[in-house]
Amino acid sequence: MLNRNSAIIEKYNTGKYPFEDNIEIIFFENCNLIIQQIAAWPDEISNVDKFFSDQLGVQKNIDFNRGKILNNNSLWRMEPSKWWLLGSTINLPENLGTSLELSHAFTSITIKGAKSDILLNRHLPLDLRLDNFPIYSSASSAIHHVSVKLFRLSEKEFKLFIPRGFALSIWEILLETASQFGYEIIDS
Amino acid sequence: MTSLRKENYGKINREKVLGFSWDNKEYFGYEGDSLASALLANDVRIVGRSFKYHRPRGVMSCGVEESGALVTVGSGSRRDPNVRATTQELYSGLNASGQNAFPNVNFDFGGVNNYLSRFFAAGFYYKTFMGLPPFEWGKGTGIWMVFEKIIRKAAGMGKASKEPDPDSYEHANDFCDVLVIGSGPAGIAAAQEIANNKLDVILIEQDSLLGGNSLSQKDFDPYLLNTQLKSSGIRVMPRTTAFGIYDNTVVGALERVTDHLPTPHSSLPRQRFWTIRAKHIIVASGALERHIAFNNNDLPGAMTVNASKHYLNRYGVLTGNNIVISTNNDSVYQTAKELHEAGSKVTILDSRDNVNHDLSKDIDLHLNTLPFSINGRKKIDGIDVCKTTDLSNKNTIICDQVLMSGGWSPIVNLVSHRGIKPTWNQENLCFIPGQIKENISVVGSAKGIWDEKNCIESGFVGANEAMNTFGMHKKEISFPSVGGWSNPIEPLFEVKSNKFPSKSFVDFQHDVTAEDVRLAHREGFISVEHLKRYTTLGMANDQGKMGNIIGLSLMAEQLDKTIPQVGTTVFRPPYTPVPIGALTGRNVGKHFRPLRVTPMHQWNIDHGAKMIEVGLYQRPWYYPKKNETLSDSYIRETTIVRKTVGICDVTSLGKIAIQGPDATELVNRIYTNPFAKLPIGKARYGIMLRDDGIVMDDGTSWRLGENEYFMTTSTAAAAKVMSWLEELLQTRWTDLKVNVTSVSEQWAGAAIAGPKSRDVLNECVFDASEITNDNLPFMGVLQTKLKDGTPCRVVRISFSGELAYEMYIESDYAHGMMDLLWESAQKYDGCLYGLEALGALRVEKGHVTAAELDGRVTIDDAGLGKMASTKKSYIGSAMRKRGVLSADDRDMLVGFFPINEKETFNAGTIVCEKNNIKGQGVGRITSVTHSPELGHWIGIGFVKGGLEKWKDITLIGADPVRNKQMEIKVVSPHMIDPEGKRMYA
């Protein structure tokens, strides 16, 4: 098998880029993504929930725009009838819906640190205050006119999914904006 | 006026001295100064020249309403014109200069305009369009066209830099429960009350310091206030102007991040454009003091009264030694006392006949007295005053400054943005905000409340109104009454002069006088909106902050109406100017648009590709060898493809996964040709129409399984087709069990074209004998592996007309796939080819792209009518049969050759009959190329009636843009291998 190649490798220069001796943002790319999109037929959603319970041990149905961290993977309900399974794949019975491999369609970047939410709000028109966008929330929005997905993993840690072809451009813009906070890029 | 820096006054840091330059002279100020206060402290009186008459102007206020001290700050690429010196914070090294003057504002040749003012009355510029009397009556504007340039040069404001802006700007978003605009007493009270109730509050203040009008109080400490607010959890945003309120309580705000810094850090944006979404907005924007229109009311030294108090108590600058205050209201009396205590001789002219104020005996108070005319040329020597009952008898008072207060105008601009009409309050002679149905409260003097205690109370009430809307409680809401002066204000908008032309200014920025307003009335411009545009009253960057009410009162008088009957103009965003750079944010330079690259982008560049923008995509254009031009390169690449093999990045094609038991039904309904029986492992070329029967796009769909298709679209229509399919499934065919997902980013694709393409592929795949004519016939699909085991998809398909394939691989593996393909192709003397060669190959074959399928073309026009099924319904099948779409003289796809094979032509050439070269001719050439195989230029395009009608007739290719004409002939669009022998080989 060929090695997987990052979409942002040319501009992925690990190191510290402080602003007035401060570093308030940490970036790293989540390489070797595994994304399985599961799209349920509208009349099978309850059965898909049961399927997740049986196959993945998801105890409680996941609400729209929320996610669940599991043992070696996580499940995110991206649309009312669409989920993303990250980290592994499962076989979905055809009568429940369709399954699609999207592992190469996105570049995923973790953004964390004291100013991570402020950095994101320089671009995203999303209310990221913790009450409104609690931990394990997800959202679809846009940065610089490019549709992106955002997951919140902790108060100050987010995962951003950018369509692969736009990833380099958005990565550059994020770094440009982050320079006012000071940032560090660590090994992916 | 002789200004003086006073000890023990002001909130400036006297330990930090700042050097700055004004009109190339060096001066000093202090940290905390504005440019205006520093100039006043240095006794610089003339800081500007007026718009039309080039009259000398000084500092006239202390805020955003400033009309006199409009200056240019910075130089070179950072030259910023029309900056209000009153809002520009002083910093070390600040370099400012006067504008609209030659050689400088102190001595300006343009000042001659002042003596020609009778010719420059309201609307003079518009009248020039009628022709210069008496020579041009009724003939137009010939002579004036000559003078226009001179007029434009003489009138105006500062000049912007023509160099690119070196600074960066950014956009930002924020959210809160309550947004408070303005940090005066009312705004502070509201913010604290909200914060005390554990709500999330943002407080916006346009100034660098908090406090609003409290900054004019001697003992007020803005720094302590800032600390208190932050400790309450209030998010404070100084140097930020809320310039507009929009739908759903969205506020646009501009933060000046580095405008106050001598050397901005390169990582910081100069300004930040905020979009703040609040659940409730509290507007505490304050009020502005009005001046009074009377003769020479604009001389340097004329200022609003409250401004003088600000300069004294905020900046420690006493603006005059011998001050005359002219007023009609109570607000000036405290200022008079403080100016007197600071050492000035103060005289008050009050137009009212009786006021009750406790004044020092040293302050002269003249009741029933009006300002008539200020004396002096570049500075104030004195003022002529008269009694309200007798304007003809005047006394002169010697003074060096005249302060004016004709009343106060609540800043209703922001709520006016929401379409809320202000209502006139006759008791206080001002417009106050009308009834608001949105989640917006207005508090403080913005509501017409003058008394500070009541302002604070209104802040609490506003906060509770917000909490009521949140359902936190249901308190009875009762705002303090409007007004608050102990002696009622009396109208004083203008003191009429019997001198003509009088220089009684209503709007300082555009040199609009009281006489101009009357002239506009005489000439029939009686609507306030017409008055505004004809006289330019209330235009320019102050947007009527100073002169609007006076202008309205004058028009009301002319019309014999009241001010509310005349109405007011509509305030629109922005409240203060917003630089274009801030609107643009980071969308500049290479980020002007989002940049999209294919997974082989760097690989292409590393292998010598010159790139070209196609939509948002960066695509390889051509791969020049040493010293090759574009033309050399693409001709070589085209030749090699036809001779051996070429590799081309085709990732930009749209790709859509279509899955579900009704996938076949969907595909069959959207293409014109039948797909119902497409076998698994086969692909088919298809055309899809719009509802109106016009071609939307072409592409292929591959059947990967019983319920799964992989659709490709053109690069240009990828997003359109994807959203079209979603629309169909979500609105028309909700019964179909199909999911569509864009997989354009999931898959990278390369075309392998040319007689040796099969050999190249076999060297790359796991089983070296897998790619055969039997195993993979034309339009066959194979899901296989590269020789290292990486899965890939291969389809036998040809855009070039040669034996050709497309290989798709998951995007992260694209580099590896290209390495393999290229290594193999080199063994056959193959090449990499770009978009230019791709275009040449397809034009030779007569294949259409978005250049041809431009939204006007039917499937028959494109010569693909045989692909329109007669046995099924599909999108567009009914409407395509309309008569107009099947007329005989429709533009049909054809090929074009130049008669003289040495000649070239361009896409866009209009095809005309000989001796009838005009208009849109009989056709158009849409794509051209040099054909290496044919040895001359060729084109495809459309001609009325098609090939049959024009065969063997010489036509003219007209290119009026390039002033070129040539003889051409119409040929079949299929110029190379029309039988397709190579493709099926």
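This is a predicted model: local features need pLDDT of at least 70, side-chain atom pairs count only at pLDDT 80 or more; totals for chains, interfaces and linings use all residues.
Entry 1, conventions. I number residues from 1 along each chain as its sequence is written, with chains lettered from A in the order in which they are written. Local features need pLDDT of at least 70, side-chain atom pairs count only at pLDDT 80 or more, totals for interfaces use all residues, and hydrogens and water are left out.

I took helices (H or I, at least four residues) and strands (E, at least two) as DSSP runs, numbered from the N terminus. H17 covers residues 663-670 of chain B, and it is largely enclosed by the rest of the structure because six of its eight residues are buried. Buried means under 20% relative accessible area (1.4 Å probe, protein chains only). I list B:Ala663, B:Thr664, B:Leu666, B:Val667, B:Asn668 and B:Ile670 as buried. Among the elements of chain B that cover them are strand E36 (683-689) and helix H18 (718-732).

I looked up the contact (heavy atoms within 4.5 Å): chain B gives 57 residues and chain A gives 43 residues. About 4,200 Å² is buried between the two chains, 52% of it on carbon and sulfur atoms; this is accessible area (1.4 Å probe) lost on being put together, summed over both.

I found seven across the interface, taking a side-chain nitrogen of Lys or Arg within 4 Å of a carboxyl oxygen of Asp or Glu. One of them joins A:Glu172 to B:Lys590, with the closest N and O atoms 2.9 Å apart.

Terms used: Buried means under 20% relative accessible area, exposed over 50%, partly exposed in between (1.4 Å probe, protein chains only).
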